[in-house]
Amino acid sequence: EDDVTKDEKEVGDGEQVPIEATDDVTEDSPTTADDACFETSDDKVGQENPGSQQQASTQELEKPTPVVPERSNETKVGKKSVAAASSGSASDALEALEMELEDDLDDGEGAYGESTGEGHTEKVGLPQIQFENLLARLPDCGNRQFIDEIAKEYATSPGLNTAHNRGKLARTLYLVSRSRLDLLPFYSRLVATIHPCAPEVASELAYMVLREFKSHMKKRDQIKLESKVKIATFIGELTKFGVMSPHKTLWCIKILLRNFIHHQVDMLCVLLENVGRYLYRTASTHRLTAVLLEQMMKKRLTLNLDSRHMAMLDNANYATNPPIRKDNRGSSREQLPPMKAYVVHLITKELTSKKSTIEKVLVQLRKLDWADEDMWSFIVDLLRKGAYIVKYSHVSALASLLAGLFAYHDDAVIAVVDDLLEEIRTGMEFPHPKFNQRRISAVKYLGEMYNYRIVESSLIFHVLYSIITYGHFSGNLSSTLDHPLHLFRIRLACTLLDTCGQ
């Protein structure tokens, strides 16, 4: 007994006492029969080989004590371990506790109530990976189609529209680079599209944008101009898409007018150019916008601003409230009757270089009432102006159409040729630069007429001779109609030769 007591002291100095399952098991409780047998066997081994007993005790000291996670609520594991501790030793309680933990892991429930099964991990991980890929594709959305696809994917895919993802999406949209102003309209469109199913994204994004705007107004520093321009542009785009209230935007304009210096002028101009017209044309904000515009123009006149800011303020004012332009041409323009409008449509829209379209237009023109003088003169005038009404590449098709009409209405074709020659002669008498394109189209039209055998070669040579010599009377090289340094007539002659010279 003395030897056993001595061995217990040597081992007990460094051994860790097993954890106690309940308060019933105390140090004063008597040892069980199994423990007595266990101690007796150890004593025998220790007496036979004291060195091995000391080595075993040292290894037991080096072993770490297993740490078991605690549970807030009482579970079946605790009950079974308490029962094992009350009926047996502490080692039995540990074994019962480990068995219960293994059963929980097999059932898919971890120590903290978290699922650890492989199937559940895939269900949680796949939507998160899909959401990260969606965020990575946002900087590449440069048109409406791409951004609408992302909005549809976010709204319809299961597991994406969660509270955590909504907050992360709002932060990602807010942290767009200050150099990517082209993405702000599409980001605002995305927020407005998903607003019915994720309204928190709109409210969170509007809050963060306004918070940064207020911070810039409080600092009043003259740095980070690009960030300020980005915030002003973002506010305008969010307002136009209905994500931010127009009255909050008017409040921002009022704050900028109150601090009307330096970068605040740039922010105000950017904001008005983006959303000023929208606010001015909206019934609920028209009056306030007009008052703020008047205040801005008054400060422009009273304050000593540089020329750059003055020009920016003028542009912002014109972008918000453009002046009414009196179009005299539009007021005096008469609307054509349906039949004449149909003829214009045939010549300008339907006629192309394809043979099928030329035949179709020819058939439709032949169906018109050529006996009507008004209709006859209108068609002749339209065919003459067709050289510069249709596309330059379709002038050949117009000459082909004229050749087709020659077999049925030769008087109309002759009138078109006479008017075209008169126009070429008028261009040489009044060589104004604004008629240069018309003159080139008329010369090409004449060359295509020769190709379709509407005019003869003698007429082409006569026109070429007139282009070269008209205005140079009695061998005078200098003329007011054809200055030696003006080379446009050479271009006319070359165009005619390129068209029908071969």
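Contact here means heavy atoms within 4.5 Å. By that criterion Lys444 touches Tyr392, Val395, Thr495 and Thr499, with residues up to four places away in sequence not counted. Lys444 sits in helix 22 (residues 436-451); helices (H or I, at least four residues) and strands (E, at least two) are DSSP runs, numbered from the N terminus. Lys444 is buried, its relative accessible area being 15%. Buried means under 20% relative accessible area, exposed over 50%, and partly exposed in between, with a 1.4 Å probe and protein chains only.

The model is predicted: local features need pLDDT of at least 70, side-chain atom pairs count only at pLDDT 80 or more, and totals for chains, interfaces and linings use all residues. Residues are numbered from 1 along each chain as its sequence is written, and side-chain values use heavy atoms, with hydrogens and water left out.

Helix 9 (residues 184-193) packs against helix 11 (residues 225-240) at an angle of about 40 degrees, and their axes are 9 Å apart. Helix 9 is therefore oblique to helix 11. Axes are lines fitted to C-alpha atoms, for helices over the stretch in contact, and angles run from 0 to 180 degrees between N-to-C directions. Angles under 35 degrees count as roughly parallel, over 145 as roughly antiparallel, 65 to 115 as roughly perpendicular, and the rest as oblique. The crossing of helix 9 past helix 11 is right-handed; a crossing has this hand if the near helix is turned clockwise from the far one by less than a right angle, and is left-handed if anticlockwise. On the helix 9 side the contact is made by Leu184, Pro185, Tyr187 and Ser188, and on the helix 11 side by Lys230, Thr233, Phe234, Glu237 and Leu238. Five of the residues in this contact of helix 9 with helix 11 are nonpolar, two polar and two charged. In this division Ala, Val, Leu, Ile, Met, Phe, Trp, Tyr, Cys and Pro count as nonpolar, Asp, Glu, Lys and Arg as charged, and the others, Gly among them, as polar.

Helix 11 also packs with helix 13 (residues 263-281), at an angle of about 15 degrees and with axes 9 Å apart. These two helices are therefore roughly parallel to each other. Helix 11 passes helix 13 in a right-handed crossing. Helix 11 contributes residues including Leu225, Lys228, Val229 and Ala232 to the contact, and helix 13 contributes residues including His263, Asp266, Met267 and Val270. The residues of the contact of helix 11 with helix 13 divide into 10 nonpolar, five polar and four charged.

The loop between helix 10 (199-219) and helix 11 holds Ile223. Ile223 is partly exposed, at 49% relative accessibility. Leaving out residues up to four places away in sequence, Ile223 touches Lys228 and His263. Ile223 and His263 are 40 residues apart in sequence, and their C-alpha atoms are 8.5 Å apart in space. Another pair separated in sequence is Gly167 and Leu205, 38 residues apart along the chain and 8.9 Å apart C-alpha to C-alpha. Gly167 lies in helix 8 (residues 163-174) and is buried, with a relative accessible area of 18%.

The last topic is charge pairing. A search of the whole structure finds 18 salt bridges, a salt bridge being a side-chain nitrogen of Lys or Arg within 4 Å of a carboxyl oxygen of Asp or Glu. One of them joins the side chains of Glu294 and Lys298, at 3.6 Å from N to O. Glu294 and Lys298 are separated by about one helical turn because they are four residues apart in helix 14 (residues 286-302). Glu294 is partly exposed at 47%, whereas Lys298 counts as exposed at 52% relative accessibility.

Arg384 forms a salt bridge with Asp381, with the closest N and O atoms 2.8 Å apart. Both belong to helix 19 (residues 373-389), where a spacing of three residues puts them about one helical turn apart. Arg384 is buried at 15% relative accessibility, and Asp381 is partly exposed at 28%. A network of salt bridges links Asp381, Arg384, Lys385 and Glu423.
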